[in-house]
Amino acid sequence: MLSSVLSGPDLPALPDGWLLSRLEELAEINPESLSITTPSNYLFRYIDLSAVEKGAIDWSLVQETNFRDAPSRARRLVRPDDVLFGTVRPSLQSHGAIPSSKTNPLVASTGFAIIRARSGEAIGRFLFHTVMADLFGMQARRTEVGSNYPAVNESDVRLFLVAHPSLSEQRRIAEI
């Protein structure tokens, strides 16, 4: 699978000490979801694809709702430092990062793959920069299915290659 997505000249030249790993080795993908047994009065702020554009979340479009009244796509629980990767029309870059200051209940559309950094493996903010980079976008374009409404499958996102340094260097890069 990976060799069909990236090969030869497509593989990036890595700086000394950097590794190339599958995303699933560095992060959990869609680690938490609301189930059908969620109480109907459960309140949360809902992040729809339309609220996220080119790395920025327009928080004025993230409205509070309850489970009963929420769209059926409102299922992915998100936590501070999670990364949202828009799997629907990924070339539009409906990707974003949840700030560490956002602690109220947040739920995102199933049109996102939620990327949660694995402790000791990656830094969420670094993964956000990775999602916005050309290497990630190229892999998304090569795995899109559908022509009128292109989308990337979660199973493919898990296998995307990520170039990464040590945790300490990830922290320094994320701060910039």
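Modeller: Two strands pair if DSSP finds at least two bridges between them. The model discussed here is predicted.

Colleague: In what order do the strands of the open sheet stand?

Modeller: The open sheet is formed by 4 strands in the order β6-β3-β10-β7, and its pairing is mixed. Strands β6 (63-66) and β7 each have a single partner strand and stand at the edges, so one side of each lacks a neighbour in the sheet. From one strand to the next, the twist averages 45 degrees.

Colleague: In which sense do β7 and β10 pair, and over how many bridges?

Modeller: Strand β7 and strand β10 (residues 106-109) are antiparallel, with 4 bridges between them. Within this pairing, R76 has A108 of β10 as its bridge partner, while L77 has V107.

Colleague: Is β7 mostly covered or mostly uncovered?

Modeller: The general idea is that a residue is buried under 20% relative accessible area. Of the 5 residues of β7 (residues 74-78), 4 are buried, and the strand is mostly covered.

Colleague: Let us turn to a single residue. Why does S21 count as buried?

Modeller: S21 counts as buried because its relative accessibility is 9%, which lies under the 20% cut-off. This residue belongs to strand β1 (residues 19-22).

Colleague: Which residues does S21 touch, leaving aside those up to four places away in sequence?

Modeller: S21 touches L26, F160, L161, V162 and H164. With H164 there is also a polar contact of 2.8 Å between the side chains.

Colleague: How far apart in space are S21 and V62?

Modeller: The C-alpha atoms of S21 and V62 are 33 Å apart, and the two residues are separated by 41 residues in sequence.

How values were computed: Residues are numbered from 1 along each chain as its sequence is written. This is a predicted model: local features need pLDDT of at least 70, side-chain atom pairs count only at pLDDT 80 or more; totals for chains, interfaces and linings use all residues. Side-chain values use heavy atoms; hydrogens and water are left out. Buried means under 20% relative accessible area, exposed over 50%, partly exposed in between (1.4 Å probe, protein chains only). Helices (H or I, at least four residues) and strands (E, at least two) are DSSP runs, numbered from the N terminus. Contact means heavy atoms within 4.5 Å. A polar contact is a pair of N or O atoms within 3.5 Å; within protein, one must be able to donate a hydrogen and the other to accept it, and residues adjacent in sequence count only if both atoms are side-chain atoms. Axes are lines fitted to C-alpha atoms, for helices over the stretch in contact, and angles run from 0 to 180 degrees between N-to-C directions.
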